[in-house]
Amino acid sequence: MTPSNDHIAVAGAGLLGRLVAWQLLGDGHAVTLYDAGDLDTPPAAAWTAAGMVAPLCETAISERCVYDMGRFALAQWPRWLEALDASSLWQHNGSLMVAHPQDLGELTQFRRDLDHALGGGSPCRLLDDQEVQRLEPDLAVGFRQGLFLPDEAHLDNRALLTRLLNEIRALGGECHAHCPVDTFPGEVVTAEGRRRFDMVVDCRGTGARQRHPSLRGVRGETLHVQTAEIQLSRPVRLMHPRYQLYVVPKPAHRFVIGATQIESEDRSPMSLQSSLELGSALYTLSPAFAEARILEQGVNLRPAFLDNLPHVTHQKGLITANGLFRHGYLLAPAVVCHLLAEIRGHGDRPFADTLAARPPQENAA
């Protein structure tokens with residue numbers, strides 16, 4: 001068990017790093033938070049992401065443990081947000097899947113895949129065209145069927161990251177921006193030299209490649225637009241044989257659109273092809289998006305191991321947590337709670353079989 005007055009370094013101020021730093025400060029530890037980039041507009045994948053907590057949508061193409069950890073997230077996020085006095089950032093309105101008439105087979109296949117992954121009895125509900133319109137009146141007319149997934153949610157991820165940073169600072173956390181680090185058991189190395197700590201927590205994502213040789217970055221792209229011509233109450237996914245576009249509503253008439261998942265570590269700006277595909281698919285969801293203003297084209301790398309699952313490693317003086325892949329807000333609560341139980345020396349670790357396993361390929365190292 002780590003004494004409550006220990007000095008702990010947290011390397012990486014993305015979603016994991018901020019949640020861990022906030023919780024450790026609440027435990028009474030002194031915490032120093034480091035990040036290689038800016039803290040107020042961080043370069044982390046969590047800033048670029050859409051902030052969905054969608055265990056059903058992801059389970060059809062992922063491991064069963066992703067669904068179980070996602071269910072855990074649906075219960076944990078409201079507790080954390082209430083503690084942060086930020087419950088308004090959480091929207092638990094389910095999600096909607098639609099497809100154009102020629103692509104309705106994609107909805108059928110998704111239901112089959114989900115039933116297979118969950119062993120039958122998936123909670124999604126098939127909708128006809130009138131039910132789709134009642135649920136989201138501003139969608140284009142012509143979607144003859146849809147799938148409603150009631151137990152899914154989304155949150156205002158950028159407001160959350162800002163709220164966490166403010167709370168860390170208010171609790172006395174020592175924060176260092178634009179400060180790349182190397183991590184070692186009980187030690188952090190910066191350009192200014194070595195600094196000792198009682199414990200080091202490494203949550204640097206792709207920045208931890210030297211520590212995790214099997215870690216890779218997977219390119220993801222998002223389009224941020226703004227329009228008052230359309231309102232959505234929940235994330236909407238457009239099923240297509242080649243891609244699945246998602247649109248997530250944000251405050252101030254903003255929407256985050258994404259779909260791309262590219263096995264590349266290229267951080268260059270969004271390609272013309274990606275921009276055209278996202279924009280064209282968005283327009284087919286509703287012609288009202290035609291006059292939307294493009295505010296941002298986001299590109300980032302999602303940290304992933306070979307199995308696309310997160311892993312937590314623990315040795316004396318150093319804990320690492322990494323590999324959230326495309327499931328940041330879905331899996332972060334399970335990872336953080338497991339990591340905190342390791343530091344505290346007590347607490348439930350319901351996903352230890354997955355999280356405590358060494359990442360693939362590193363087993364043989």
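Residues are called buried when their relative accessible area is under 20%, exposed when it is over 50%, and partly exposed in between (1.4 Å probe, protein chains only). The model is predicted, so local features need pLDDT of at least 70 and side-chain atom pairs count only at pLDDT 80 or more, while totals for chains, interfaces and linings use all residues. Residues are numbered from 1 along each chain as its sequence is written, and side-chain values use heavy atoms, with hydrogens and water left out.

Let us turn to the nonpolar interior. A nonpolar core is taken as a set of buried Ala, Val, Leu, Ile, Met, Phe, Trp, Tyr and Cys residues joined through side-chain atoms within 4.5 Å. The largest such core holds 56 residues, and the members touching the most others are L15, L19, W77, L160, V201 and Y329. Helix 9 (residues 328–344) supplies the largest share of this core, 10 residues; helices here are DSSP runs of H or I, at least four residues, numbered from the N terminus. Beyond its neighbours within four places in sequence, V201 has contacts (heavy atoms within 4.5 Å) with I8, A9, V10, A11, V20, I319, L339 and I343. A second, separate core of 27 residues includes A140, I257, L285 and V299.

Charged pairs come next. With a salt bridge defined as a side-chain nitrogen of Lys or Arg within 4 Å of a carboxyl oxygen of Asp or Glu, the whole structure contains 19. One of them joins R194 to E187 at 2.6 Å, N to O; R194 is exposed at 60% relative accessibility, whereas E187 is buried at 14%. In the R219–E221 bridge (2.7 Å, N to O), both residues are buried. R293 and E291 pair at 3.4 Å, N to O, and both are exposed. Finally, a network of salt bridges links E58, R237 and R326.

Definitions and conventions: Helix = DSSP H or I, 4+ residues; strand = E, 2+ residues; numbered from the N terminus.
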